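Work through the following exercises with the structure open beside you, and try each task before you read its solution.

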Amino acid sequence: MRFNLGFFLREAAKNMRLNALMSITAVTTTAVCVLILGVGLLFSAHVESLIRQVGKDVAITAFFPENAPREQVDEARAKVEGYPEVAEVTYISEAEALNRFKETFSEQPNIYEGMDPGVLPASLEIRLAEPGASDTVAERLRSDGFEGLNYPQQAINRLDQVTGYVVWGLRAATVLFLVASVLLISNAIRISIFARRKEIEVMKLVGASDSFVRTPFVLEGLVQGLVGATLAALLVVWGNAIFVEWVQNQIPFIPISSAAVNTLFVLVLLIAVGVLIGVLGSFLSVRRFLRV
Amino acid sequence: MINFDNVSKVYGNDSIALDHVDLTIDPGEFVFLVGASGSGKSTMVRLILKELEPSSGTITVNGVRLSSIPHRAVPRHRRAIGCVFQDFKLLPNKTAAENVAYAMEVTGQKRRAIRVKVPQILDLVGLGEQADKYPGQLSGGEQQRVSIARAFVGQPPILIADEPTGNLDPDTSVGIMQLLHRINRIGTTVLVATHDREMVDVMRKRVVALKDGRVVRDMVRGGYANEV
């Protein structure tokens, strides 16, 4: 049989007009679900990005012995830069160390008055590519002869652990929510189709094939999913932009960034989820009433 | 055209709806199927439409054994049988013309053909003026005419009516029966399940009487209550 798209589209449009309230319910349910899903998605993206930012600030300081010769410093520095877990190495000389100290206590000059430049040791400030690697790096440093090490081991481990929990928690919540929205939306669609089961029965008795009956319903679900999800997705992306700007202005020390979220990806994903749920929900719901 | 060969239908475990029924209806016949409620009339209709499967025996319609028709081919089988029901079974959201057109759209006919055919058939059943009214705006008799128009628009070789006058007053019923008679004269095989006594007596057509799932009488020019 010829596929009469025009007829099916007209049927779907008419059904939605006649069952406006049901359509609005389905669209609203989809919109709310996609909205919450989108918020969850953005929240986890921002949290992951923040954790990555904080991790970047984790540093190990390795002190040189007093009056270490120039060659030893250069050699050690080259070695440390060669570690695979290391992102960046900065050399702090004795003079620089003293300068920093002075800066820190600029309010109380009596603390550093009369200090010799050699009092504070020279050091390497090592930034890690990944915060979890601090133990490995510390181990390497020790075996390479560094004795004085200063790194926030516990904080790093904690951070790593918390990061893991938060990320997995967010992912689990997202999956749960996805399941919940599929159920919720297909239920809304099922109710609207249940109200029309007599019609479906008549269509079948007149000799309509399953797909002939189903197609307008599925198109309807597609349109409802598309409309609801698009509204919600736009709202999510717009809200995200406003939120990022607000945080950047109001709480500047939080390293939030709009780069944490791929806007286009989120838009496409959310709309795709809405459309998929609409199509699947109506397809499965009609099927139950086709057995005449 | 329609052949029942030793057909039984048992609902559940012990509710016998049809009990070893043999019946042959030839092409072009007009047959009344009479009997009290629960005598098995509706079961026969639903078996012919393949809404139900027989518990035993074979049913042949249009030369095809129904048991050999796969599920996906059932719609095509139903399109060869026009169907009229007691409760009309019209789509409430469609006008009279759209209801008739739907039966043509189902078979994938062109819009142009539909636009030509639908007014013709509505004229034939005497509803040319009511084409754009919805079922809710039509009387019972008018709704049944729409339903007959829908059943007949595809020019099926068989037309089955299950209690077509069950919800209608006697005057309106006469009009419906005349319409069915006219459709029969064009060459369509018509099977009418009814317990409308007067109608059957007036028409003097073949009457098959069912009682408790058995054929108890089959007369060529019978009345409803002829003594055997």
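A residue counts as buried when its relative accessible area is under 20%, and this cut-off is needed for the first exercise on what is a predicted model.

**Exercise 1.** Describe how chain A is built, and state what share of its residues counts as buried.

*Solution.* Begin with the elements: chain A has nine helices and four strands, and from the N terminus on they follow the order α-α-β-α-β-α-β-α-β-α-α-α-α. Next, apply the cut-off to the 292 residues of chain A, of which 42% count as buried.

**Exercise 2.** Characterise the interface between chain A and chain B, starting from the residues in contact.

*Solution.* First, identify the partners: 21 residues of chain A are in contact with 22 residues of chain B, and the area buried between the two chains is about 2,200 Å², to which carbon and sulfur atoms contribute 56%. Second, look for charged pairs, since a salt bridge requires a nitrogen and an oxygen within 4 Å. Three salt bridges are found across the interface, and one of them joins B:Lys89 to A:Glu201, whose closest N and O atoms are 3.7 Å apart. Third, ask which elements of chain A take part: α1 (5–18), α7 (197–205) and α8 (210–250) each supply at least two residues of the side that touches chain B, and the largest share, six residues, comes from α7(A).

Notes: Residues numbered from 1 in each chain as written. Chains lettered and ligands numbered in written order. Predicted model: local features only at pLDDT ≥ 70, side-chain atom pairs only at ≥ 80, totals over all residues. Heavy atoms only, no water. Contact = heavy atoms within 4.5 Å. Buried area = accessible area lost by both parts, 1.4 Å probe. Salt bridge = Lys/Arg side-chain N within 4 Å of Asp/Glu carboxyl O. Buried < 20%, exposed > 50% of the residue type's maximum accessible area, 1.4 Å probe, protein only.
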